[in-house]
Amino acid sequence: MPATRELLELQSVDGELAVHHARLSEIAPLLGDDSAIRALTRRLASEQAEVDSALGRQQEFDSVIAGFTERVDAAEGRLYSGVVVNPRELQDLQADVNMLKRQRGQQEDALLEVMVELDTARGKRDASAKELEELETSWSAEQESLSQEQRRLQAEVADLEGQRASVVGRIPPPETALYEQVRRNHPHPVAQMHNNACNACRVGVPMRTAQEVRTSQAPVRCPNCGRILLPE
């Protein structure tokens, strides 16, 4: 009889190894991948630039308004000082005061719009800053978890590789070679025969083949799928 138990054990070990290697392949690109953090950092920098721009315009408006206030104060000082007594000059001076106040009012209206814009920009920036902080915390925790999982899987792979070598050592080389040949086409190269049918492809086998599976000293392959058939 072929090395029935050993072939099934080898297939089981290879199955575990495949699962481990698949997970390690998933983990590898995730480790060190801080693309989400870098994208959010760029967004935060852009939002900070919007805050800085709005703040700069607010300061400009403050300066312009302060200049108008100085001119209004100076004009009103002359207007009410009693120095100017000519009615025409007083009228012109009052007109200047009114014009300066209108211009200052326009600047103040524009300043209010900038202040609203500044508040909105600060709100967006602060929300992104909080989101970035939370993302960095969760990313660090995830990276540590992935690193631990990677180390665990790598240790388990090393142990499974040792188990595999031990199992292969108990299988005749021709059977190992056949196993590897079939495995190139089927991830699970070994199937058991149940009720004279391959339990992998579910196709019945001829009576003669079924008898060979039960009695042959060499591996017998399923006539349909090509897997190595083992008796129940």
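Trainee: Which residues of α1 are buried?
Mentor: Keep in mind that this is a predicted model. An α-helix has 3.6 residues a turn, so residues three or four places apart point the same way. In α1, the buried residues are T4, E6, L7, L10, Q11, V13, D14, L17, H20, L24 and I27.

Trainee: What do the buried residues of α1 pack against?
Mentor: Take L10, one of the buried residues of α1. Leaving aside residues up to four places away in sequence, L10 touches R164, V167, V168, I171 and Y179. Taken together, the buried residues of α1 pack against α3 (87–169), α4, β1 (190–194) and β4.

Trainee: How far apart are the end C-alpha atoms of α1?
Mentor: Good one to work through! With 27 residues at 1.5 Å a residue, α1 should span 39 Å. The model agrees with this, as the end C-alpha atoms are 40 Å apart.

Trainee: Which element gives the largest share of the largest nonpolar core?
Mentor: That core has 11 residues, including L7, L10, L178, Y179 and V182. The elements giving two or more residues to this core are α1 (4–30), α4 (173–183) and β4 (228–230). The largest share, three residues, comes from α4.

Trainee: R227 is buried, so which side chain of opposite charge is nearest, and how far away is it?
Mentor: R227 sits in the loop between β3 (220–221) and β4. Its side chain makes a polar contact of 3.4 Å with the side chain of H186. A salt bridge needs a distance within 4 Å, and R227 has none. The nearest side chain of opposite charge is D14, at 13 Å.

Terms used: Residues numbered from 1 in each chain as written. Predicted model: local features only at pLDDT ≥ 70, side-chain atom pairs only at ≥ 80, totals over all residues. Heavy atoms only, no water. Core = buried A, V, L, I, M, F, W, Y, C linked by side-chain atoms within 4.5 Å. Buried < 20%, exposed > 50% of the residue type's maximum accessible area, 1.4 Å probe, protein only. Helix = DSSP H or I, 4+ residues; strand = E, 2+ residues; numbered from the N terminus. Contact = heavy atoms within 4.5 Å. Lys, Arg positive; Asp, Glu negative; His and termini not counted. Polar contact = N/O pair within 3.5 Å; in protein donor to acceptor, adjacent residues only side chain to side chain. Expected span 1.5 Å × (residues − 1).
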